[in-house]
Amino acid sequence: MLYQIIPSLQEFIGDMPLLGHNLEFDLKFLCRAGLDVTPETRRFYDTYELAGHLLKKPKWSYDRETGGYGPNYNQNYDVMDYKLETLCAHFWIDRMDAHRALGDCVDTAKVFRYLLEKKIDTTADYDN
């Protein structure tokens with residue numbers, strides 16, 4: 001059970017920064033099970049949120065033909081969405097073991113590295 005490993009997980013992470021993709025989702029489960037991630041010095045890095053600040057999705061607009069709203073693919077955008085799989089494809093990252101704990105951790109770390117590079121070098125072109 002999750003609550004059984006919380007003490008060893010708590011000791012393992014200590015007050016180190018936490019990195020994840022859509023981190024709030026995972027932290028809800030861990031905190032309900034007893035993990036304490038509240039030290040004021042802890043830093044959190046969420047690749048989902050970072051991507052939202054650094055990459056553009058297509059803007060939605062009203063389509064008279066369909067009578068509803070949808071993505072406008074005629075405008076400039078970087079990615080369709082901020083899913084981990086989409087970001088890996090955007091940065092040309094081969095998925096190690098998609099939707100498995102270790103694979104998603106490794107892929108998230110790689111995406112984080114690319115997002116940091118993009119934040120630092122605003123002239124970076126990752127489409128090539």
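**Figure 1. Cys-31 is partly exposed in this predicted model, with a relative accessible area of 34%**. Here buried means under 20% relative accessible area, exposed over 50%, and partly exposed in between (1.4 Å probe, protein chains only). The model is predicted, so local features need pLDDT of at least 70 and side-chain atom pairs count only at pLDDT 80 or more, while totals for chains, interfaces and linings use all residues. Residues are numbered from 1 along each chain as its sequence is written, and side-chain values use heavy atoms, with hydrogens and water left out.

**Figure 2. The whole structure holds 0 disulfides**. A disulfide is taken as a pair of cysteine sulfur atoms within 2.5 Å. The closest cysteine sulfur to that of Cys-31 belongs to Cys-105 and is 16 Å away, too far for a bond. Cys-88 is in no disulfide either, since its nearest cysteine sulfur, again that of Cys-105, lies 12 Å away. Cys-88 counts as buried, at 1% relative accessibility.

**Figure 3. The largest pocket has a volume of about 880 Å³**. Pockets are found on a 1 Å grid over the protein atoms alone: a pocket is an open set of points where a 1.4 Å probe fits, with protein on both sides within 12 Å along at least five of seven lines, and lining residues have an atom within 4 Å of a point. Grid points are joined across faces, edges and corners, and a volume is the space filled by probe spheres set on the points. The lining has 25 residues, and Leu-19, Gly-20, His-21, Asp-26 and Cys-105 lie nearest the centre. Two or more lining residues come from each of α1 (2–13), β1 (18–20), α2 (23–32), α4 (84–90) and α5 (101–120). Helices (H or I, at least four residues) and strands (E, at least two) are DSSP runs, numbered from the N terminus. Helix α2 gives the largest share, 6 residues. By class, 15 lining residues are nonpolar, 5 polar and 5 charged. Ala, Val, Leu, Ile, Met, Phe, Trp, Tyr, Cys and Pro count as nonpolar, Asp, Glu, Lys and Arg as charged, and the others, Gly among them, as polar.

**Figure 4. The second largest pocket has a volume of about 190 Å³**. Its lining consists of Leu-23, Glu-24, Leu-27, Phe-44, Tyr-45, Asp-46, Glu-49 and Leu-50. The elements giving two or more of these residues are α2, β2 (44–46) and α3 (47–54). The lining has 5 nonpolar, no polar and 3 charged residues.

**Figure 5. Strands β3 (residues 60–63) and β4 (residues 68–71) pair in the antiparallel sense over 4 bridges**. Two strands pair if DSSP finds at least two bridges between them. Trp-60 has Pro-71 of β4 as its bridge partner. The hairpin has 4 residues between the strands, and Gly-67 takes a positive phi near 75°.

Figure 6. Gly-14 follows α1 and has a positive phi, near 50°.
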